[in-house]
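This report describes the fold division, the ligand site and some local backbone features of the structure shown below.

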Amino acid sequence: MDAFIIKGGRSLKGTVRVHGSKNASLPLMAAALLTDSPLTLHDVPDLSDIRNMTRLLGTLGCEIDLKDSDPGRPVTIHATDPSQTAAPYDIVKTMRAGICVLGPLLTKRGKARVSMPGGCAIGDRPVDLHLRGLRALGAEITLDAGDIVATAPGKDHRLIGAHVFLGGPSGSTVLGTANVLSAAVLAKGQTIIESAACEPEIEDLADLLTKMGARIQGAGSPRLIIDGVDELSGADHRVIPDRIEAGTYVAAAAITRSRITLENFPTDALGAAIDRFSAVGVQVTPAGNGEPFDRHRGSVTIRTADTLKPIQVFTQPHPGFPTDIQAQLMSLLCLADGNSTITEKIFPDRFLHVAELLRMGADLTRNGPSVVVSGVRELIGAPVMASDLRASAGLVLAGLAAKGTTTINRVYHLDRGYERMELTLQALGADIQRVKQDSV
Ligand code: UD1
């Protein structure tokens with residue numbers, strides 16, 4: 001296992017190109033199961049979650065061709081052996097997003113056996129809404145030895161369009177919407193999904209499915225109308241930029257009071273985050289020389305005021321402030337001039353970083369789903385560890401700003417979601433090294 005050693009206090013300078021989105025790529029890759037033709041995706045990031053999804057698709061009869069050295073790393077996925085319908089526990093347990101093969105397998109191959117994903121460090125993470133949606137389309141679903149066993153109805157084993165409501169206690173479900181949408185595109189008749197997730201990753205999935213021949217209206221809104229078709233073709237598609245990686249590097253620039261440029265920056269997908277950063281004193285502005293600004297993939301400059309202002313923030317489903325940037329924002333607010341409040345409305349226990357930030361001299365008081373962040377003058381380097389991807393990112397940011405040395409243990413969590421983060425930060429001038437854990 002690797003660790004990062006960060007000597008804090010350096011300011012950053014330079015340009016970073018935001019990678020393609022991990023959370024968009026995973027359901028897009030699973031969509032290859034919906035067609036007998038090859039599907040080519042560009043800008044899929046090189047991350048351990050993506051490698052696990054590649055492995056999973058391999059066990060499900062897909063041939064995968066990755067052109068690592070070509071720009072945009074095109075990956076072509078061709079489902080050539082439709083007889084495989086079981087997604088095994090040893091892969092799904094490494095990555096909850098393995099669940100997104102369920103809808104495509106069931107609708108295309110008529111049956112699926114997918115290991116039930118367990119909880120994880122940020123909470124219980126049930127899949128009841130996924131199953132409710134697929135049952136509404138006629139699937140028979142049972143649980144057997146920890147696996148979800150699903151069969152499409154009738155002699156033709158084909159799902160049937162229906163009216164489906166996907167709202168839960170915390171709003172909609174992102175991967176649940178991906179599953180039901182991917183299933184509905186090949187169902188008989190019309191499906192209407194109410195309370196669908198509006199996240200940009202779902203819009204990207206709808207875009208790809210439409211290129212493959214699906215008939216979908218309302219992508220990006222809470223009401224999706226899908227008219228099922230008999231078959232889908234292959235397609236060629238570029239993945240949207242990763243809004244969470246982008247938001248993380250905005251916070252990295254802000255916490256070190258640096259001016260950096262971010263290319264391939266998804267401004268429109270980050271409205272709520274840009275609003276909150278701006279209230280703190282962080283400006284995100286177009287970096288071009290007067291040419292029209294691309295709000296989906298443009299270049300922006302990040303500048304930060306000398307004094308950070310305290311703010312109130314609630315995480316919410318899109319277009320609200322993303323839970324996946326909550327930990328990074330908390331690290332930034334630790335250095336604000338006053339008291340901020342962060343309330344987690346999606347994963348109320350997603351505060352693994354709190355105890356670690358306290359070790360670095362932060363002043364934090366947790367009260368149920370809220371944390372009061374009282375700004376301190378400085379953070380102090382310490383050995384820390386967090387068992388979740390975004391909490392670890394928050395700790396890296398704290399380490400960049402802290403006085404002295406911070407050691408982030410178990411960075412395999414970071415490797416699930418950030419492509420070679422230490423190289424990106426080194427290129428910006430940070431003092432950060434990856435070392436083998438045994439040598440720490
Ligand atoms: C996705 C993202 C994750 C992000 C999360 C919320 C991927 C690979 N992961 O996860 O990074 O933090 O969206 O934006 O895209 N829920 C239920 N029943 C269900 C499903 C979910 O009650 O069947 C609840 C969850 O416990 C949570 C809320 O709904 O409170 C949202 O979860 P969901 O949108 O499903 O998260 P994921 O899609 O798993």
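## Domain arrangement

The C-alpha centres of domain 1 and domain 2 are separated by 30 Å. The model is a predicted one. Domain 1 is made of two stretches of the chain, 2–18 + 241–439, and domain 2 covers 22–238.

Contact between the two domains involves 25 residues of domain 1 and 18 residues of domain 2. The ligand lies between the domains, because domain 1 and domain 2 both give residues to the shell around the ligand.

## Ligand shell

There are 19 residues around the ligand, and those that come nearest are Asp128, Leu129, Thr173, Asp324 and Ile346. By residue type, the shell divides into eight nonpolar, six polar and five charged residues.

Two helices, α5 (128–136) and α6 (174–184), each supply at least two residues of this shell. Of the elements contributing to the shell, α5 gives the most, with three residues.

## Polar contacts and burial of the ligand

For Arg125, the distance from a side-chain N or O atom to an oxygen atom of the ligand is 3.0 Å. Taken alone, the ligand exposes 740 Å², and 89% of that is buried by the protein.

## Helix α6 and Thr173

Thr173 has a further polar contact, within the protein. A side-chain oxygen of Thr173 reaches to within 3.0 Å of the backbone nitrogen of Gly176, at the start of α6. Gly176 is one of the buried residues of α6.

How many of the eleven residues of α6 are buried? Nine are, and the helix is mostly covered. The buried residues are Gly176, Thr177, Ala178, Asn179, Val180, Leu181, Ser182, Ala183 and Ala184.

Thr191 belongs to strand β11, which spans residues 190–194. Is Thr191 buried or exposed? Thr191 has a relative accessible area of 0%, so it counts as buried. Apart from neighbours within four places in sequence, the residues in contact with Thr191 are Leu137, Gly161, Ala162, Val164, Ala184, Leu224, Ile225 and Ile226. Among these contacts, Ala184 is also a buried residue of α6.

Ser195 lies in the loop between β11 and α7 (200–211). The phi angle of Ser195 is positive, near 60°, in a residue other than glycine. With a relative accessible area of 22%, Ser195 is partly exposed.

## Other backbone features

A cis peptide bond joins His318 to Pro319, with omega near 10°. Pro319 is found in the loop between β18 (312–315) and α10 (326–333).

Arg420, although not a glycine, has a positive phi of about 40°. The position of Arg420 is in the loop between α13 (412–415) and α14 (421–427). Arg420 has a relative accessible area of 40%, so it is classed as partly exposed.

How values were computed
Residues are numbered from 1 along each chain as its sequence is written. This is a predicted model: local features need pLDDT of at least 70, side-chain atom pairs count only at pLDDT 80 or more; totals for chains, interfaces and linings use all residues. Side-chain values use heavy atoms; hydrogens and water are left out. A residue is near a molecule or strand if one of its heavy atoms lies within 4 Å of it. A polar contact is a pair of N or O atoms within 3.5 Å; within protein, one must be able to donate a hydrogen and the other to accept it, and residues adjacent in sequence count only if both atoms are side-chain atoms. Accessible areas come from the Shrake-Rupley method with a 1.4 Å probe; for residues, only the protein chains shown count as cover. Helices (H or I, at least four residues) and strands (E, at least two) are DSSP runs, numbered from the N terminus. Ala, Val, Leu, Ile, Met, Phe, Trp, Tyr, Cys and Pro count as nonpolar, Asp, Glu, Lys and Arg as charged, and the others, Gly among them, as polar. Domain bounds come from an automatic or database domain assignment. Buried means under 20% relative accessible area, exposed over 50%, partly exposed in between (1.4 Å probe, protein chains only). Contact means heavy atoms within 4.5 Å.
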